[in-house]
Amino acid sequence: MSTDNDNAGLLGAGRSAAVIIASTSAARGEAADTTGPILVEWLRGRGYDTPDAIVVRDGEPVGEALRALLIDTPPEDRPRIIVTSGGTGLAPDDRTPEFTAELLERQSPGLVYAMWRKGLESTTSAVMSRGVAGVRGRSFVINFPGSKGGVKDGITVIDDLLEHIQTSVEDTTDHGPRV
């Protein structure tokens, strides 16, 4: 078990994160959640206080989970990073991007484009993911695909940018003089 001292000096130290898995079969107990543990381990490894993944059915339950974290939770207690996995495809109940977009104050489509580009290195189906990314208050939210490969590609892209994302959202970046 890690302590706050174990995380001292890590990017996420003193901050929380949350993972929401959109998978009807996993929520029903008919299939294992294969992406939640990967995402939780990644965020914990960066120092974020991250509980086990929240697993919900596709569709409205995703919106309910997002609203609970971004609206119902007091601003000072909201996770700084919220990552979803699943519900970004073309099936009728794949509505994660819609529920996410309605809660964001500002979107950052370039992050999703970068994940598509990375995914295209191994599969053309990567471009079928309709995920979004952006900010609400001091929380950064991003939708990853529901596949293990898509999650690993997403982590590869976002991990390199996470510190800059966090400092930008928290407005602690010293941009220096504009040239």
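A: N143 is buried, with a relative accessible area of 0% (buried means under 20%, exposed over 50% and partly exposed in between, with a 1.4 Å probe and protein chains only). The model is a predicted one, in which local features need pLDDT of at least 70 and side-chain atom pairs count only at pLDDT 80 or more, while totals for chains, interfaces and linings use all residues. Residues are numbered from 1 along each chain as its sequence is written, and side-chain values use heavy atoms, with hydrogens and water left out.

N143 belongs to strand β6, residues 139-144 (strands, E, at least two residues, and helices, H or I, at least four, are DSSP runs numbered from the N terminus). The side chain of N143 makes a polar contact of 2.8 Å with that of T84, and another of 3.0 Å with that of T100 (N or O atoms within 3.5 Å, one able to donate a hydrogen and the other to accept it; residues adjacent in sequence count only if both atoms are side-chain atoms). Beyond its neighbours within four places in sequence, N143 is also in contact with residues including T88, T96, P97, M115, G131 and V132, contact meaning heavy atoms within 4.5 Å.

Turning to helix α6, residues 109-120, Y113 and W116 both lie there, 3 residues apart, about one turn of the helix. Y113 is partly exposed at 47% relative accessible area, and W116 is likewise partly exposed, at 25%.
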